[in-house]
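Hi everyone, thanks for coming. Have the sequence and the model open, and let's look at some charged side chains together.

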Amino acid sequence: MSVSDPTDPRAIELRRMKRVALASLLAAAAGLSLSLALGAQGGWSWLKAFCEAAVVGGLADWFAVTALFRRPLGLPIPHTALIPANKPRIADNLAVFVRDSFLSTDMLLQKLAVFNPGERLGQWLREPGNVAAALGSVRPVALQALKFLDEPAVRQGLSAFLLERARRWDAAPTAANVLAVLTHEGRHQVLLDSALESLRRYLDQPDVRELLAQRIAGFARKQWPTAVSLLDKVSSRVDQWGGGLAEKVVLELIQETERALSQPDHEVRRSLDAQVQALVERLRSDPAFAERIGAFKDGLVHSPSVRSYLDSLLTDLRLHLESDLQREDSVLLAQLGGVLDALGQRLAQDEHLIAAINAHVMASATQLAERLRDSVAGHIASTVKAWDERSLVQQIELGVGRDLQFVRLNGTLVGGVIGLALHTATWLAAR
């Protein structure tokens with residue numbers, strides 16, 4: 001509803017009170033005119049005293065009330081139209097008042113502490129239907145976000161951003177740091193153990209051992225035909241299972257793998273340590289090697305096939321997530337619902353978790369409140385300053401104008417009573 005809407009109940013009441021105040025003033029003026037016309041003697045002098053003071057009081061209060069909103073009779077009288085003339089100051093003072101009275105950081109934090117966000121969150125999550133309602137709200141938001149990410153402009157912007165970040169990424173130091181973390185306290189040896197154990201199990205399979213023995217024997221015949229021929233003359237079981245040299249080589253390989261698994265200081269482990277440490281040091285201190293790593297990284301980044309693959313991968317991921325979220329039995333939403341249910345149950349029992357949540361909320365609220373106080377105050381001030389002066393006057397007048405018309409009415413009546421009292425005092429003194 002517009003502030004100037006004549007059907008606004010506030011506007012109707014304001015017009016009615018203006019008519020009442022004006023009628024009282026006109027009645028006082030009419031009484032004054034009548035008493036003067038009749039000589040203002042006797043009883044008419046009492047009417048004259050009342051009406052004269054009432055007219056003065058009514059006019060004075062009419063001027064005072066009118067001067068708040070506009071210039072009386074349009075005359076350029078100093079210190080009138082106070083609200084339009086002081087709109088910037090009113091806006092700033094209003095903003096400061098709201099900020100200091102309603103957005104005090106201490107007051108907001110006190111109310112938030114009493115609210116106990118952690119416990120309230122647990123209670124809300126345990127209420128039947130709340131988790132389902134929350135998931136119902138998450139679904140359309142998530143689907144909309146996925147559609148937004150599929151917009152060509154958004155995809156292009158993300159691609160350009162990621163490409164620029166990849167260009168600036170110094171790959172060599174990052175690779176060195178990753179290797180240093182992986183090798184800290186021998187963590188890489190766990191990977192070596194897993195690899196050696198997998199190799200041992202693979203080699204210990206009879207068909208694999210037989211195949212390797214045949215391959216080794218065939219390789220030996222190709223590389224050293226003369227030596228193998230001499231061995232054939234000495235023994236006819238070179239590549240037979242159980243006694244051939246090829247099989248012994250495979251068995252030795254299995255035993256060496258087992259020794260590497262059981263001996264912490266095995267040569268394989270020491271060699272791996274040395275090679276990894278040398279690689280880390282080279283990544284950190286060899287500019288030429290780092291440049292080669294960077295060039296390799298740039299080649300991958302700019303490779304059309306790699307970028308096409310990543311783009312198709314992101315598209316497939318988005319389509320998969322979208323398809324899952326559209327299903328009533330969505331796996332993602334089911335997982336999220338399980339997490340929220342578990343959190344609600346946990347908050348019913350874990351006071352430390354509630355305290356931790358409250359502490360984080362209070363810390364975040366402190367920072368947010370400090371930023372919001374000034375931004376809200378600035379928004380109020382700028383909004384009020386941007387208002388049209390006529391609209392501002394109408395808005396304020398509709399809010400308090402009705403009560404100000406009572407000031408006019410009371411001024412007329414009180415003025416008349418004072419005039420009557422002074423006339424009575426004068427009459428009594430004359431007697």
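**Salt bridges in the helices**

Okay, arginine 16 makes a salt bridge with glutamate 13, and their closest N and O atoms are 2.7 Å apart. By salt bridge I mean a side-chain nitrogen of Lys or Arg within 4 Å of a carboxyl oxygen of Asp or Glu. Keep in mind that this is a predicted model, where local features need pLDDT of at least 70 and side-chain atom pairs count only at pLDDT 80 or more, while totals for chains, interfaces and linings use all residues. Numbering starts from 1 along each chain as its sequence is written, and side-chain values use heavy atoms, with hydrogens and water left out.

Both arginine 16 and glutamate 13 sit in helix α1 (residues 9-37), 3 residues apart, about one turn of the helix. Helices here are DSSP runs of H or I, at least four residues, numbered from the N terminus.

Arginine 168 is exposed at 64%, and glutamate 164 is partly exposed at 30%.

Back to our opening pair: salt bridges that share partners join Glu13, Arg16, Arg402 and Asp403 into one network. The count for the model comes to 14 salt bridges.

Technical notes. Helices (H or I, at least four residues) and strands (E, at least two) are DSSP runs, numbered from the N terminus. Buried means under 20% relative accessible area, exposed over 50%, partly exposed in between (1.4 Å probe, protein chains only).
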